[in-house]
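Keep it short and grouped by topic.

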Amino acid sequence: MSNLKPREEHRPDIKTPQELVHIKHKITLLQYKYWVLMLRAYREAYEERAGEIADGEVCYLPMAKLAEHLGYEPKTSDIERDLEAIRKEAIIFNVLEKDGQKGKTGRGFISEWYVSSNRIGVVFPPMIRRAVENLDNRDSIFHLLNWSIFNSFTGKYEAILYKLCKDYIGTGRTPYLPLEKFRGYMGVK
């Protein structure tokens with residue numbers, strides 16, 4: 001696995017697999033931010049260890065780093081509640097059917113969680129792990145989500161629109177979406 005890129009100390013952009021950007025879910029913006037930060041922590045651990053991460057292994061993020069990214073230190077009880085919510089919540093992939101396939105796939109955001117006073121940890125389902133691990137593959141489609149912008153959003157819908165528009169940078173416009181499909185993507189009735 002020597003084709004992994006060296007880790008940079010400060011990366012404002014989070015390289016995110018496209019299949020983890022166009023998803024349908026009912027989690028809050030803060031819960032989504034936790035998940036994105038844990039994906040980033042998983043990718044960093046994957047790079048540091050040259051891909052040697054076992055299935056079912058907990059990926060950790062120091063509480064200090066979480067607080068640095070969020071701009072404040074969340075209460076442990078709030079983190080526990082939010083991680084439990086994303087453990088239970090289904091994540092639906094292929095919502096926009098960009099790969100031409102009509103089928104959708106559902107999984108949990110995380111399989112397990114761990115919280116202590118100095119770190120949080122999660123176990124990702126295999127499909128999510130593989131998406132993050134394959135970011136350097138030649139055929140990988142990914143987005144660079146700017147954490148500073150993403151973290152500045154105060155509402156879930158802002159973040160969803162940002163991700164949608166980010167996907168179509170360079171094409172000049174987003175594709176035509178029937179209103180029902182757009183509502184489903186946004187998570188509104």
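In α1, Trp-35, Leu-39, Tyr-42, Arg-43 and Tyr-46 meet Ile-128, Arg-129, Val-132 and Glu-133 in α4. Contact means heavy atoms within 4.5 Å. By class, this contact of α1 with α4 has 6 nonpolar, no polar and 3 charged residues. Nonpolar covers Ala, Val, Leu, Ile, Met, Phe, Trp, Tyr, Cys and Pro; charged covers Asp, Glu, Lys and Arg; the others, Gly among them, are polar.

The model is predicted: local features need pLDDT of at least 70, side-chain atom pairs count only at pLDDT 80 or more, and totals for chains, interfaces and linings use all residues. Residues are numbered from 1 along each chain as its sequence is written, and side-chain values use heavy atoms, with hydrogens and water left out.

**Helix α1 against α4**
- Helix α4 spans residues 126–133.
- The axes of α1 and α4 come within 10 Å and cross at roughly 60°. Axes are lines fitted to C-alpha atoms, for helices over the stretch in contact, and angles run from 0 to 180 degrees between N-to-C directions.
- That angle makes α1 oblique to α4. Angles under 35 degrees count as roughly parallel, over 145 as roughly antiparallel, 65 to 115 as roughly perpendicular and the rest as oblique.
- The crossing of α1 and α4 is right-handed, meaning that the near helix is turned clockwise from the far one by less than a right angle.

**Helix α1 against α3**
- Helix α1 covers residues 29–48 and helix α3 covers residues 76–88.
- These two helices pack at an angle of about 80°, with their axes 10 Å apart.
- α1 is therefore roughly perpendicular to α3.
- On the α1 side, the contact uses Leu-30, Gln-31, Tyr-34 and Trp-35. On the α3 side, it uses Ile-79, Asp-82, Ala-85 and Ile-86.
- The residues of this contact of α1 with α3 divide into 6 nonpolar, 1 polar and 1 charged.

**The sheet**
- An open sheet of 3 strands has the order β2-β6-β5, with antiparallel pairing. Two strands pair if DSSP finds at least two bridges between them.
- β2 and β5 stand at the edges with a single partner strand each, so one side of each has no neighbour in the sheet.
- From one strand to the next, the twist averages 15°.
- Strand β2 (residues 59–62) pairs with β6 over 4 bridges. Leu-61 has Ile-120 in β6 as its bridge partner, and Pro-62 stands opposite Arg-119 in β6.
- Strand β5 (residues 112–115) also pairs with β6 over 4 bridges. Val-115 stands opposite Ile-120 in β6.
- A hairpin of 3 residues joins β5 to β6.
- Strand β6 (residues 119–123) is mostly covered, with 4 of its 5 residues buried. Buried means under 20% relative accessible area, exposed over 50%, and partly exposed in between, using a 1.4 Å probe and protein chains only.

**The chain as a whole**
- The protein chain has 7 helices and 7 strands. Helices (H or I, at least four residues) and strands (E, at least two) are DSSP runs, numbered from the N terminus.
- From the N terminus on, the elements run β-α-β-α-α-β-β-β-β-α-β-α-α-α.
- Buried residues make up 44% of the 189 residues in the protein chain.
- Of the contacts with a separation of 6 or more, 70% come from residues 24 or more positions apart.
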